[in-house]
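Please look over the sequence and the model shown here before reading on.

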Amino acid sequence: MKQKFCSQLFKIRDMKERHSSLHRTLNKFQAQGSTQRKEVEDIGMTTRCLLHICLILLFSTEISSQLCTMLHFQQNKVNKESLELLEKVSGNLPSQCINERAAFKPTQDVLQLPVAQKENAKVVIQEILQEIFNIFSKNLTQSAWDATSIVRFQNGLYQQIQRLEACLRAQTEKGLTNPESQDLQITSWRVKKYFQGIDAFLKEKQYSLCAWEIIRVEIPRCFVLVDKLTRRLSN
């Protein structure tokens, strides 16, 4: 009787051990299945993200191409409005500033800046507009200019700079513009040197009313060059 009872106990123990082993095996397979499902879900999510990025790039390139097509029309508009606003902010050069005008000696005639290649015209226009924007974002407190006109002038420049940058990115990706071009680098250096002279003059005169008026009269010459370059975009 005792032996029979012990035999049953051992059987029950063996059954519990097999049940525990089976339970552990099932948990292991469930964990593996969960991991595999997660891996599949991760792959699906990665694929969707890559597709989303590709679509964004595709649409961005398309929009940039459209901006390039309309660029010379927009630039003509910006040139005209900028000149009108520069005239509106103050009018004629104040008489007390006429004698000081001789003190401003630009490093070179901006109209003589060379742009040999048509595809570099956009780059040079963008650089000139950026330099003008930088100049007119400095200390204007002594200028006594119409604030609303100045803000409109700055906004017009900024928006066109953004359009040019978007177009240039698209062209660089397609290999249509070469930022490493020697001709372009020389022109870019001359543009920077010209505007460095303007900046140095304003600092030397402590951003006085007359200093700003003299520069305001000079800047339209930059837009004459920009207009010349813009016409090349439409040819």
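The text below goes from the chain as a whole to its disulfide and its cysteines.

The model is a predicted one, and the secondary structure of its protein chain consists of five helices and zero strands, so that, by the run definition used for such elements, the chain reads α-α-α-α-α along the sequence. Of the 235 residues in the protein chain, 34% are buried, while the accessible surface amounts to about 15200 Å², with 56% of that area belonging to carbon and sulfur atoms. Among the contacts in the protein chain with a separation of 6 or more, 88% are between residues 24 or more positions apart.

Which cysteines form a disulfide here? A search of the whole structure finds one disulfide, and the pair is C97 and C210, whose sulfur atoms lie 2.1 Å apart. This pair links distant parts of the chain, since C97 sits in the loop between α1 (2-88) and α2 (121-135), whereas C210 belongs to helix α5 (residues 209-234), 113 residues apart. The link of C97 and C210 is left-handed, with -80° about the S-S bond, and both C97 and C210 are buried.

The table sets out where the two partners are placed.

| Cysteine | Location |
|---|---|
| C97 | loop between α1 (2-88) and α2 (121-135) |
| C210 | helix α5 (residues 209-234) |

Another cysteine, C222, has a relative accessible area of 0% and is therefore buried, because buried means under 20% relative accessible area.

Note on methods. Residues are numbered from 1 along each chain as its sequence is written. This is a predicted model: local features need pLDDT of at least 70, side-chain atom pairs count only at pLDDT 80 or more; totals for chains, interfaces and linings use all residues. Side-chain values use heavy atoms; hydrogens and water are left out. A disulfide is a pair of cysteine sulfur atoms within 2.5 Å. Helices (H or I, at least four residues) and strands (E, at least two) are DSSP runs, numbered from the N terminus. Buried means under 20% relative accessible area, exposed over 50%, partly exposed in between (1.4 Å probe, protein chains only). Contact means heavy atoms within 4.5 Å. Accessible areas come from the Shrake-Rupley method with a 1.4 Å probe; for residues, only the protein chains shown count as cover.
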